[in-house]
Amino acid sequence: MAGFVAGLLDATVRASTVLVFASLGEIISERGGVLNLGVEGMMLVGALGGFVVTVVSGSYWLGFFVAGLLGVAMALIHAFLTISLSSDQVISGIMLTLLGTGLTTFFGQEWVSESISGFPRTTLPLVGEYLVGIPVVGEALFRSTAPDFIALALIPVVWFFLFRTNLGLEIISVGEDPETADTMGVDVFRMRYLCVLIGGFFAGIAGAHLSLAFSQLWVPGMTAGRGWIAVALVIFAQWRPERALIGAYLFGLLDALKLRSQAISVQVGAETPFAGTINPALDFVMHPTIMATYPYLATILVLFVTVVRFDSEQLGVPSALLEAYSRETD
Amino acid sequence: MTDGPFLRMEDVLKEFPGVVANDEVDLAVGRGEIHGLLGENGAGKSTLMKILYGLYAPDGGEIRLDGRRLDLDSPQDAIERGIGMVHQHFMLIPRLTVAENVVLGEREPSALFRAESEDSWLPESFRENRVVSGLARRFSLGLDVPEQRIADLAEEYGFDIDVGASIWQLNVGQQQRVEILKALYRDVDLLILDEPTAVLTPNEAERLFDTLERLAERGLSIVFITHKLKEVKAITDRVTVLREGENVGTVDTSSVSRADLARMMVGREVLFQIDKDPAEIGDPVLRAENLRAEDERGIEALSGVDLTVRSGEIVGIAGVSGNGQSELAEALVGLRELTDGRVAIADADLTGASPRRFIDEGVSFVPEDRLEYGCAEDLSVMYNATMKDFRDDRFGGGYFLDYDELETYAETLVEEFDVRGVRDTTEMLAGDLSGGNLQKLILARELYRDPRLLVANQPTRGVDVGAIEFLRETILDQREAGTGVVLISEDLDEIFDLSDRILVIYEGEIAYETTPTEADRKRVGLEMTGGEGTDGEPTADSADQAVADGRGDS
């Protein structure tokens, strides 16, 4: 049992990293008032780009970094369309996801059979050996790839950036009320560009983590909806980085369970009352396809609970999300 | 200090597509002066000030501040030159605290990195390094020192504000004080206030005036935008009047009377009389008993209003804005949920019924906000004209619409109600009509169906003079056709000219009832402000002021 738990935990941590990267980026972007539904596409481009660079150069760090820049390049399209041209954020984002999917499917074919040696699992310097020794959780948490550690470290960094710096205050202000921010001398356009580009970088490295550390291979469409889960996770996290970690672990756990549920069979004995009803029901809820919907169901549940429980002022959603800004419109 | 005015705007020109908002306007404000900027809605006051604050780029003209040319690309430039602005709609972020709202954009670094900080353990030369301070201004945020300064400023001016509170927890008056603190924190020399009293109670307005006078004593120049003559007389030293984007003139406040100002503002004598025939009053069309309702914040806005309107009768509801008029109007047409009371239209009890039932029973409604609730801006005149009647048999009745008939109907309305500027009812968008013409279209839609009851909330507000006359006559014609009318207005002229009975609403209750022939304007004005209880304000004053102010409103 301990082995199963440790294994499940390990799989959870691995699966959550990509969500941490992507959702942190999305949080920054949305805090600035720009919804980015192109995360999935940016992740795919990052995954393929990072993989190709790693194959060609042999350096997974270079691949990781280039993946981030590819994310930035795609985010630049999104930023230009939505911030400079005030076009619809939803349409632009979906377009980028479709674009990213199409491009990586087309250009990615010849790289499917390639193999790389990606990020190895290591321990932290100095204290790593001791931490790994912690029962059950040690191996899962502290013997990880470099991007896993980076993702964890980014959570307090992003939290500090958003809530304890002037740039963070200005980002929040342009996401809440760009007109007010403008009258206070904040450069709304520059701030929003910054947010979207950071979001793009994070989406790019999220993809790279997938191909260079998590799977260590490239398959078209390998993000398998994780970009969309990251968008849902931002709502789940109420636009707060520290809650994104909880969400990422929860969604990662569901992801890990989905993979493992095929190996295990949860059934009650035939002599149990109502076994005839319970067992098909268990089969249904444990079916991998059904389990893949759990992150979304969880999001709906969280949305429902938060809306019921809090005043709108206490909800996290940035007031000016989806709102384009330009002067002289009124 | 240099000779001449502190601020001089010359020949400022601003054009929007199809409109000249500012047509070569001049404005000069001295140091320590409170300068009124008076004009009707759409006269170009706010536009002029937005140019001065760097929000709009002027198409021509020159601005000089303290003798130096002022070229503004953004509010940031204006802030740097010492200009602050308190906007009509507060520029505050509800979710952030007072201190965060005040320092936003100032980039206050954490105390650790402040150059002048004494208890920082970082060496001073390090803190003064440009790269370090640049990074610190971006990647840290110190609120302790600013919070202290804001608290000091607040105390200096007697503001009761908790700097750590979130904006959404503050009331409107406090929020406005935060807006002023924002300007004071930046050490402005020129403060622009855009209709600052629009949202304030009389007491809060009084406090604001005290504050402004203290600021002016310290040498601050203040531009005070308003359309209320009383305020101009009360607080300004000089006043510049704008009309239709043009400068009518600048005068010393003490040298002119309110009537003079009103004439300058509107361009003609303000009072005018309408002839009306005596009413032929019939059976009750509206019976409302003990109406109670809450406003958006869940605070009781109607506290037991009884109202009966008979056919052929106009009942005028007078009152100062925000005393429950909007809630009353909405309650009478089924748009606002009642917490108590009953509404009956003719013989049908419609308490709790949907707005659709009210419409079917012959209730028409002219809402206060014609763009938000009166029309669908982005739909054509045709759709807007037929919006309430498209289910009628004449347009197909069932599942299909007879578009030719819709168009014919819309054209009839446009013609009969003199809606100008419509060439094609299917092409022209309602939102592109001018205020007066849009209001005519709305009134046409509401009246052509020959309603039993018309509820009109501020039907002539912000409408040009010609249209006002037409709208009033139309309402009178409808009265003769036997419709009962509830006319809500802040314009006492309008109430007195049109009504057969006058009710005064104050704090959600009917405080006083009279008729135009018996009425004493002073008494009505007094009742509007809550009777004898108001700070010994001269009673004649408030009534006169309401009369003279009637025309332009926000």
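Which residues of E7(B) point one way, which point the other way, and are they buried or exposed? I opened my notes with this question, working on a predicted model.

**Entry 1: strand E7 of chain B**

I looked up strand E7 of chain B, which covers residues 190-194. I found that B:Leu190, B:Ile192 and B:Asp194 point one way, while B:Leu191 and B:Leu193 point the other way. All of these residues are buried. I noted the general rule that side chains in a regular strand alternate between the two faces of the sheet. Since five of the five residues of E7(B) are buried, I recorded the strand as largely enclosed by the rest of the structure.

**Entry 2: the neighbours of E7(B)**

Which strands pair with E7(B), and in what sense? I found strand E6 of chain B, residues 83-86, pairing with E7(B) in the parallel sense over four bridges. I also found strand E8 of chain B, residues 221-226, which pairs with E7(B) in the parallel sense over five bridges.

I then followed B:Leu190 into both neighbours. In E8(B), the bridge partner of B:Leu190 is B:Ser221.

I also checked the directions of the residues in E6(B). B:Ile83 and B:Met85 point one way, whereas B:Gly84 and B:Val86 point the other way. I noted that all of them are buried.

**Entry 3: a helix pair in chain A**

I turned to helix H2 of chain A, residues 39-57, and helix H11 of chain A, residues 226-236. They pack at an angle of about 135°, and their axes are 7 Å apart. Angles from 65 to 115 degrees count as roughly perpendicular and those over 145 as roughly antiparallel; H2(A) and H11(A) are therefore oblique to each other. I recorded their crossing as right-handed.

Which residues make this contact? From H2(A) I listed A:Val39, A:Glu40 and A:Met43. From H11(A) I listed A:Arg226, A:Gly227, A:Trp228, A:Ala230 and A:Val231. By class, the contact has five nonpolar, one polar and two charged residues.

**Entry 4: where chain A touches chain B**

How many residues of each chain are in contact with the other chain? I found 20 residues of chain A in contact with 22 residues of chain B. On the side of chain A that touches chain B, helix H8 (166-176) and helix H9 (178-183) each supply at least two residues. H8(A) gives the most to that side, with six residues. By class, I recorded five nonpolar, six polar and nine charged residues on the side of chain A that touches chain B.

Conventions. Residues are numbered from 1 along each chain as its sequence is written. Chains are lettered from A and ligands numbered from 1 in the order in which they are written. This is a predicted model: local features need pLDDT of at least 70, side-chain atom pairs count only at pLDDT 80 or more; totals for chains, interfaces and linings use all residues. A residue is buried if 20 or more other C-beta atoms lie within 10 Å of its own, exposed if 12 or fewer, and partly exposed in between; C-beta atoms are placed from the backbone. Two strands pair if DSSP finds at least two bridges between them. Axes are lines fitted to C-alpha atoms, for helices over the stretch in contact, and angles run from 0 to 180 degrees between N-to-C directions. Angles under 35 degrees count as roughly parallel, over 145 as roughly antiparallel, 65 to 115 as roughly perpendicular and the rest as oblique. A crossing is left-handed if the near helix is turned anticlockwise from the far one by less than a right angle, and right-handed if clockwise. Two residues are in contact if their C-beta atoms, placed from the backbone, lie within 7 Å. Ala, Val, Leu, Ile, Met, Phe, Trp, Tyr, Cys and Pro count as nonpolar, Asp, Glu, Lys and Arg as charged, and the others, Gly among them, as polar.
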